[in-house]
Structures are given as C-alpha cells and as structure tokens.
Amino acid sequence: MSPVNNIAVNPATDAAPASGSGVTAFKVDSPYVRYGDSTIESDYLYDTTIVSRDPSTGQLKAKPTKVHYQFQTKTKVGRVGLMLVGWAGNNGTTVTASIIANKKNISWETRKGTQEPNYFGSVMMASTVKLGVDANLNDVYVPFNEVVPMAHPNDIVIGGWDINSLNIGDAMRRAQVLPVDLQRRLYDELKELKPLPSVYYPDFIAANQEERADNTIGGTKQEQLEHLRKDIRDFKQANELDRVIVMWTANTERYADIIAGVNDTADNLLKAVADGHSEVSPSTLFALASILEGAPFVNGSPQNTLVPGVIELSERERCFVGGDDFKSGQTKIKSVLAEFLVNAGIKPVAITSYNHLGNNDGRNLSAPAQFRSKEISKSSVVDDMVGANNILYKKGEHPDHTIVIKYVPSVGDSKRALDEYVSEIFMGGLNTISIYNTCEDSLLASPLIIDLFMMTELMTRVSYRVKSDADAAEPEWAQFHSVLSILSYMLKAPVVPPNTPVVNALAKQRMAMENIMRAFVGLPPNNEMLLEHKAFH
C-alpha cells in the first residue's frame, strides 16, 4: 500500500529570506521525505478523479484514485548561465541591467527620493505561498523561491546574441526603459558587454529591422547551426557553468509554414537545415542548437518556433523546451477576468482588445505577417475557460474576440492597452466592463525572463518515478516531459506535450506551479477548504 503523508512542519519557517541560490525556508518532518547530502526525495500520493459514463444509463461515475509518485530533487544549483537571443533589445538590456543593480545593490535618485533595486513583478522572487498553519491556526507564508532549492537571479551569468552590434550599455540607453540616473550608474559596466553575432533572415521579421542587422552570422543554415552550437559550448566553458538555458527575447517572426517532409519530424527538420530550406526560421535554428547542446530553450515571442520537428527532437534528446510569448500585461489580465466571468456564470460574448506601443517590438509588429503571429498567441487565451462551461456555451460557440495592435513611436515602451468585455447576464441583460491599462512593457516582461529561467533550471534537477505494489523491481528515475507546460503562468500561448490540454486560466497555472513544487518536498496540495476554521465547535 502506498504511504499517506502525515506532515509536521518545522516551526522555524519565518526566517528572513536569504539571497543565495539553493536556499529553502523550511524542512518537512515526515517519514516520506528524505534529505540527503545532495538530494531531497519524497513519496507523494497524487489524488485524481477518473470519470466514466455508464453506457446503458448515461450516468457519470466518478472514481477517486491515487497514484504513488516519488520525486528526487538535486539540491546543488551549481553555476548557471542564461543566453538571450536579442540581448541588445529592450528586454535583454533591462533584465541584464536590473540583475546587476540588484546584485550590487545599486540605488538611484528619482523625483520621489532614493529608489532601491528589487525584483517586483517576479512571481518567484516577489510573491509568497502558504506553507501551512501554525499551532494557533494562523497561516504561515514563505517566499515562492524557497519552497525548493532554486537558482537566485543574482547568481546568473548572462550572455547572448543580437543582430545589432551595439554594446549592452548603449543598447540600454537606446531602449529608454530604465531611469536615467540608474543608466548612468550602470553604463560603464554594461558597455563592456557585447552581443555575439546572430542569425538574420529578412523574410522572417519586418523589413524595418534591416538597418539594425549589422552583426550577423554568414554561411549556410547548417554552418549557422554549428556556429550557434559552438557559441553555447564556448559560453559554458569560458564561464565554468554547470548548465546553460537559452531564451528567445528577440523580434517576433512570422509564422513558419508546417510542411510535411520539412519540419514535421526531427529528422526531416535537421535535413531541412542541411538543405537550407527557406521555412527554417532563425528562432527554430536557435532551438535546434540549444537542444543538440543539451541546453533548455524557451521561446518568449509568439511565433511557432517549436514546430513538430523541434518537439520531437527535444523528446529524443531529453532536453527541455518551453513557449510561447511572454505574458506580461493585457493578456495576463484577460486570463484572470475571463476566468472570473465564466466561473461566476456570466457569459462573455465579445472581447475587444486594442493596444499601441512605440518600442522596437511595436515597430516590428507593424508588419502584417509579424502582427499575425501576435494575434494568434493572444486570441487563444480564453479557449479553455469557454470550453469548461457547457451551460453558457454550446459546442463550438465562442465569444467574438478582436485584437488590434498599432505602432505609435512617441509612447515608447509605455504600452497602452484598452479592453472591452461585453457579457450576457441574468434574463438576457448585458454587462460591459472597460479597462484602460498603461503597461511598462519591458519592466513587466523582464521579471518573466527571470521566472522562466528559475523554473526551467529547477526542472533540470528534478526526476520522478511512479511506484506500484506490482513492481518487481524499482522503476528507473526519469525527467519530466520535455515540453515544460509548468511554465504556462508566464506565457501567453503555452506549448504543452502532444495530446494534453492547454490551460490559460492564470489562477490554475499558478496553482499548478505551487502544488508541483510542494510535491517535490512531500507536501499536500494547497486548497482553500480551511476546514480547521469551519468544522469545529
């Protein structure tokens, strides 16, 4: 019989958070959690409900089931690196400068006084999770990044590529995102950082980006692939890194056509690279190079980088991939509000989203093919919420959903987002909610880069196995599926393993991250039943 956890929480849980990698805020007191010199192992019963329908009566039957998982988490984080594609862009320069400011505690002057650096906007670094209750039934919270040992952003070694040769200091100035006094304090260090040459195919990004492309890799696509692989190896070796994670934060590309015999399988895709096929995009080339070097790859833009051939190769090479598109402002609100309305029994019938921005992302998106990639990633965000309620929506029914993006140079990185939700309410009435949102685009996206890095790095140190009473021998440890759907909270259009559901509802995505991390240390999932406050006399 599989064990049932009886968890006793170490009372020393409210210690001030530490700043280094690998810190945890508590230890679990349970016979089903084992702390070794370099690992944490846990036995975990996963409760789920299997639903079937009686063929004769049509009645649904719900059967509670338990699956016995064992998790093993390596506790040594080691020395880790992040390579950004599009390093000299707004996001790349902002996250690099901000990490240095945090690491060195560089403050700066504003109209309101001295501003200290922080990691606000990062769910891992600036939010907490409920650990449990104390002896007086008061809730106890701990930092999200101290549930299990995680990399700290201050310890990340950052590098990367860009089609533009500007050093990171001057690129930061060009981006016009960070306050001028902070830029001044960081410039001397950042100007020494220079991006590696990158891959530029004019057909995949807007023509207005051509003037930036003065730092590119020549040769055939096969030669470019080998060049990128060598870049990753050299970066890892030069910085004595245990692991490297590669993240695309460059321009939105057009969608690549999915063509049988070209990018539908791993072998076909690798052959297409060797043949120089036109439908192999730069971002897909980076994904391939990363996978072949054993470096997890995350796509932070909306295009379909992770074509079927990339997914198959990641599965074959047991290398993690994740995507698509950083979920920073308008879409994040939409994934909250749509879930609230549908769960409240209110029927959204029309969602109209408009935004304009003036940074280089907006300039690139002014081209129709690149806008179409963004439109696709934004439009699917309510699908799972609508599909979950067959009382409000008939099969195939969906709210009208319109998305408009305009380029207005004068607003810079300060994106304006306007949304209107029209919903059907009681007895045929209509309710309209209008939202105006000013989003500091790169200041919202940069913490997502940190969160995606931290979660991806953690998953490289976690393995699992499923136990059964019928096992004749111990099953082998295995890593999670190569497509990291656990990253969904940070992404607009989550890529998930084949034939698995896409979850867009923000609360569900966060709950999944939190409870999976709790499982790694043998803790039951958090819920809000609060029976200790309800079932007593």
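Let's start with what covers helix α3. The cover over its buried residues includes α1 and α4 (180–190). Helices here are DSSP runs of H or I with at least four residues, strands are runs of E with at least two, and both are numbered from the N terminus. Buried means under 20% relative accessible area, exposed means over 50%, and partly exposed lies in between, with a 1.4 Å probe and protein chains only.

Helix α3 spans residues 168–175, and its buried residues are Ile168, Gly169, Ala171, Met172 and Ala175. Seen down the axis of α3, they fall within an arc of 165°, so they line one face of the helix. That arc is taken from the directions from the helix axis to the C-beta atoms.

A word on the model. It is predicted, so local features need pLDDT of at least 70 and side-chain atom pairs count only at pLDDT 80 or more, while totals for chains, interfaces and linings use all residues. Residues are numbered from 1 along each chain as its sequence is written, and side-chain values use heavy atoms, with hydrogens and water left out.

Now α1, residues 90–103. Asn102 sits in it. Is Asn102 buried or exposed? Asn102 is buried, at 14% relative accessible area. Leaving aside neighbours within four places in sequence, Asn102 is in contact with Pro117, Asn118, Tyr119 and Asn154. Contact means heavy atoms within 4.5 Å.

Next, the loop between α3 and α4. Pro179 is found there. Pro179 counts as partly exposed, at 34% relative accessibility. Pro179 and Trp108 are 71 residues apart in sequence, yet 8.3 Å apart in space, C-alpha to C-alpha.

Step back to the whole chain. It has 14 helices and 20 strands. Of its 537 residues, 53% are buried. Along the principal axes, the C-alpha atoms fill a box of roughly 70 × 65 × 60 Å. Take contacts between residues at least 6 apart in sequence: 73% of them join residues at least 24 apart.

On to salt bridges. How many does the structure hold? There are 24 salt bridges. The rule is a side-chain nitrogen of Lys or Arg within 4 Å of a carboxyl oxygen of Asp or Glu.

One of them joins Arg254 and Glu279, with the closest N and O atoms 2.8 Å apart. This pair links distant parts of the chain, 25 residues apart: Arg254 is in the loop between β13 (243–248) and α6 (266–275), and Glu279 is in the loop between α6 and α7 (282–292). Both Arg254 and Glu279 are buried.

Another joins Asp325 and Lys492, with the closest N and O atoms 3.7 Å apart. Here the partners are 167 residues apart: Asp325 is in the loop between β15 (321–323) and α9 (330–343), and Lys492 is in the loop between β20 (462–467) and α14 (506–520). Asp325 counts as buried, at 3% relative accessibility. Lys492 also counts as buried, at 5%. Elsewhere, salt bridges that share partners join Arg34, Glu41 and Asp43 into one network.

Last stop, the loop between β18 (414–424) and β19 (430–440). Met427 is there. Met427 counts as exposed, at 73% relative accessibility.
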